[in-house]
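Have a look at the structure first, then read on.

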Amino acid sequence: MIGKIVKEGERDRTQEVGMPMKNESSTRFMDEVRSISPWAFVIAIIGFAAMVATIVFAALADKNAPPMAVMVLLGIVAGTAVGCYILLIGYVNRDAGRRGMSRVLWTLLAIFIPNALGIVLYFILRKPRIEKCPQCGAIVEPGFGFCPRCRYRLSPVCAQCQRSVHAGDKFCPYCGGELGAGAKEVVTVEGRSGL
Ligand SMILES: [Zn+2]
Ligand SMILES: [Zn+2]
């Protein structure tokens, strides 16, 4: 079988090169942070500064207030909370669009439902992200290995069970099959010969 031969080759190459371990969850988090629009960062910084200033000025006005250092620290903590809250609203605003949900409605809910419950609600109720096939533009569900319309390979799939795997994976999480560093190339040969 072609697949077997390719897989042997892949295994050798994996041992030679060594497996570059990528911290995928952290890069994914950074991608999400980067998706927040710059204006949200600007407003978050303004919110942070305003919160610090409010608390510091309140401390200056009130003679019975705790020492200045304590108030500044309090201001920084409160300012950070406000900044994060604004960034989360910015994230909801951007993320809702990627999931075919109303951006305006969810942004307003995130802002106006008290105690960040609008944001919590959003994360509970949000729909899976809509993804499009880069080749034909068809809407594909997350986790699809191939585009159902044009058979474009959307993500690396396991050569044995044809299920989607992550690019850096060594073994298939479903069937335990060995994937190797060049999972993608294995997939192409296997995928085509299997179809
Ligand atoms: Zn397609
Ligand atoms: Zn598998």
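A residue counts as buried when its relative accessible area is under 20%, as exposed when the value is over 50%, and as partly exposed in between. Keep in mind that this is a predicted model.

| Residue | Relative accessible area | Class |
|---|---|---|
| Cys158 | 1% | buried |
| Cys161 | 28% | partly exposed |
| Ser35 | 13% | buried |

**The zinc site**

Which residues hold the zinc ion (ligand 2)? Cys158, Cys161, Cys172 and Cys175 coordinate the zinc ion (ligand 2), each through its SG atom, at 2.2 to 2.4 Å. The angles among the four donor atoms run from 105 to 119°, and the site is tetrahedral. If you trace these donors along the chain, you'll find the spacing C-x2-C-x10-C-x2-C.

How many disulfides turn up in the whole structure? The search finds zero. As a reminder, a disulfide is a covalent bond between the sulfur atoms of two cysteines.

In soluble globular proteins, nonpolar side chains tend to be buried together. In this model, the largest nonpolar core has eight residues: Ile89, Val92, Ala96, Met101, Trp106, Ala110, Ile119 and Tyr122. Helices α4 (68-98), α5 (103-112) and α6 (117-125) each put at least two residues into this core. The biggest contribution is from α4, with three residues.

Ile89 is a handy place to start looking around. Leaving out residues up to four places away in sequence, Ile89 touches Thr107, Ala110, Ile111 and Ile119.

**Ser35 in helix α2**

Now move to helix α2, which covers residues 24-35 and includes Ser35. Is Ser35 buried or exposed? Ser35 is buried, because its relative accessibility is 13% and the cut-off is under 20%. The Ser35 side chain reaches the backbone oxygen of Glu32 at 2.6 Å. Again setting aside residues up to four places away in sequence, Ser35 touches Tyr91, Arg94 and Arg98.

Conventions
Residues are numbered from 1 along each chain as its sequence is written. Chains are lettered from A and ligands numbered from 1 in the order in which they are written. This is a predicted model: local features need pLDDT of at least 70, side-chain atom pairs count only at pLDDT 80 or more; totals for chains, interfaces and linings use all residues. Side-chain values use heavy atoms; hydrogens and water are left out. Helices (H or I, at least four residues) and strands (E, at least two) are DSSP runs, numbered from the N terminus. Buried means under 20% relative accessible area, exposed over 50%, partly exposed in between (1.4 Å probe, protein chains only). A polar contact is a pair of N or O atoms within 3.5 Å; within protein, one must be able to donate a hydrogen and the other to accept it, and residues adjacent in sequence count only if both atoms are side-chain atoms. Contact means heavy atoms within 4.5 Å. A nonpolar core is a set of buried Ala, Val, Leu, Ile, Met, Phe, Trp, Tyr and Cys residues joined through side-chain atoms within 4.5 Å. Donors are N, O and S atoms within 2.8 Å of the metal (3.2 Å for Na, K and Ca); water is not among the atoms, so sites may look incomplete. Four donors count as tetrahedral if all angles lie between 85 and 135 degrees; four count as square planar and six as octahedral if opposite donors are over 155 degrees apart and all others between 65 and 115; anything else is irregular. A disulfide is a pair of cysteine sulfur atoms within 2.5 Å.
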